[in-house]
Amino acid sequence: MKTRLVAWALICLVAALAGSAFFPHLAGAMRAGGVLAFIAVVIAEIAVSAAGLRRGERSLFDTAMRAVPEQQEIPSDLQRIRRNFGLRAYSPAEFDYRLRGDLQRLARHRLLIAHGVDPALQHEAARSHLGPVLYGALYEGPGTRTLGTADLAHLVDLIEEV
């Protein structure tokens, strides 16, 4: 970079002196033009050097500011759960067919994580950790009662408290 700048400085100087020799009445303008040309070359060299300092990968800021794609594919199991939990009321048969399995898997996961209890193997321990209301709804059924979304929200809250 240094040798290129010296070369450009000499080129600008020779051009300004030559212009001043051929056009003596424009000598001041020729010198000013030579200085401006040299300043432009210096700025261009600085820009090239600064661009070379940048890495090829994205910075953390660029990554954070990247636009998030609007359409993200929803996993099929989440779509199924949304469909199953989307009704306003569930008869006992619908609860058995649509929801009981998902709620049991959620409760099993919470029991394993929080207490190391597998309800398939340790029935009494699962019953004591889940409590009578949740254990009854998940493993004995809601009886003849229709469940609404508030009832399901209560069951999910009980599962989260395990």
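The side chains of Arg127 and Glu124 meet in a salt bridge, with 4.0 Å from N to O; a salt bridge here is a side-chain nitrogen of Lys or Arg within 4 Å of a carboxyl oxygen of Asp or Glu. The model is predicted, so local features need pLDDT of at least 70 and side-chain atom pairs count only at pLDDT 80 or more, while totals for chains, interfaces and linings use all residues. Residues are numbered from 1 along each chain as its sequence is written, and side-chain values use heavy atoms, leaving out hydrogens and water.

Arg127 and Glu124 both belong to helix H6, where they sit three residues apart, about one turn of the helix. Helices (H or I, at least four residues) and strands (E, at least two) are DSSP runs numbered from the N terminus. Arg127 is partly exposed at 35% relative accessibility, and Glu124 is exposed at 58%. Buried means under 20% relative accessible area, exposed means over 50%, and partly exposed lies in between, using a 1.4 Å probe and protein chains only.

A search of the whole structure finds three salt bridges. Another of them joins the side chains of Arg105 and Asp102, at 2.5 Å from N to O. These two residues are three apart in helix H5, and therefore about one helical turn separates them. Asp102 is buried, with a relative accessible area of 6%.

The side chains of Asp118 and Arg108 also meet in a salt bridge, at 3.1 Å from N to O. Asp118 lies in the loop between H5 and H6 and Arg108 lies in helix H5, so this pair ties together parts that are 10 residues apart in sequence. Asp118 counts as buried at 13% relative accessibility, whereas Arg108 counts as partly exposed at 38%.

Now to helix H7. Helix H7 covers residues 149–161, which is 13 residues, and its first and last C-alpha atoms are 18 Å apart, close to the 18 Å expected at 1.5 Å a residue. The expected span is 1.5 Å times one less than the number of residues.

Which residues of H7 are buried? They are Leu152, Leu155, Leu158 and Ile159. These residues lie on the same side of H7 because they cover an arc of only 120 degrees around the axis, the arc being that of the directions from the helix axis to the C-beta atoms. The face of H7 turned away from its buried side carries the exposed residues Ala150, Glu160 and Glu161.

What covers the buried residues of H7 includes strand E1 (89–90), helix H5 (92–115), helix H6 (123–140) and strand E2 (147–148).

Definitions and conventions: Contact means heavy atoms within 4.5 Å.
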